[in-house]
Amino acid sequence: MTTHSVSPSNELLEESAATPGSSEVESNITRPTLAGRLLYWWSLFVAGALLAVVAPPVLLVAWLARRHALVYPWALFGARTWLRLSGMKVSVLGLELLDPKQPYVFISNHRSYLDTATLFAFLGRRIGVIAKKELLKVPILGYGMGYVNVMAIDRSNRDRALKTMDAATDRLRSGISFGVFAEGTRAKPHGFLPFKKGAFYMAAQAGVPIVPVAIKNTDILMGKGTGQARTGTIEMVLLPPVSTEGIAGDLEVQGLIDQVQKAIAKELGVNELTRR
């Protein structure tokens, strides 16, 4: 595996610039219905129940046995069960594009709580995830994140954020793939935010390819700010891997960001980035 000499610049944790002509994307958010609100709260209840009932004994056994690997299959079970009991089906396209022996950085768009479980549970391989630090405050979940390579990043503290990305890069070099929502937060329905740069530096430093991932329909099924949910099918499309070979500086990294974001935008049918 090749290791590149590229190093993060002062812009590592900043968002990439929007493409020329970017403007606010209008979101067509339908008014919440009673059924939609009930399903939304049912979904959150199921997530909490799974954490409260399944996670504690699994974490206890893993801790006593000193075998963190015992947690991962249960985490997959929890993610898949939550989606299923919330009325969601998942369709995945593009798995044949991946080399089973090659680690990747999976860069995905992010519009819903549903995205993380989908990316984590349906790639057909063990991955870690770069997540927001706020998840550490969630009871049980915050404690269990370290058992399954979910690494929380504090973008408000540059030094801590860099240490987290360095640790993730080391795990990439050891052969563990990572999933990253490079927008840094959920976009509103139909939105697509400019990408932050950290994951791209991470991939370039570790010398691993990036797989652009387009997750569709989650904004319709449980979008940010809608306060409702509906049953349906989540579509996750894996696009051809993008090589990080030859990425040696900030300009090359920016070109890599533009290439990956345009590929995902095209698959999503998005013509312009949403302003933050």
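1. Among contacts in the chain between residues at least 6 apart in sequence, what percentage join residues at least 24 apart? In this predicted model, the figure is 78%.

2. The chain has 276 residues, and 50% of them are buried. Its secondary structure consists of nine helices and seven strands.

3. Seven strands form an open sheet with mixed pairing, in the order 1-7-6-2-5-3-4. Strand 1 (88-93) and strand 4 (150-153) are at the edges; each has a single partner strand, so one side of each has no neighbour in the sheet. On average, neighbouring strands are turned by 25° against each other, direction ignored. As a general point, the strands of a sheet pair through backbone hydrogen bonds, either parallel or antiparallel.

4. Strand 3 (residues 127-132) and strand 4 run parallel and are joined by four bridges. A131 has A152 of strand 4 as its bridge partner.

5. Helix 9 (residues 250-268) packs on the sheet. The strands that helix 9 touches are strand 2 (105-108), strand 6 (210-216) and strand 7 (232-238). The direction of helix 9 makes about 30° with that of strand 6.

6. Which helix gives the largest share of the nonpolar patch? That is helix 2 (residues 55-65), with three residues. Y143 belongs to helix 5 (residues 141-144).

Key:
Residues numbered from 1 in each chain as written. Predicted model: local features only at pLDDT ≥ 70, side-chain atom pairs only at ≥ 80, totals over all residues. Heavy atoms only, no water. Helix = DSSP H or I, 4+ residues; strand = E, 2+ residues; numbered from the N terminus. Pairing = 2+ DSSP bridges. Axes fitted to C-alpha atoms, helices over the stretch in contact; angles between N-to-C directions. Contact = heavy atoms within 4.5 Å. Buried < 20%, exposed > 50% of the residue type's maximum accessible area, 1.4 Å probe, protein only.
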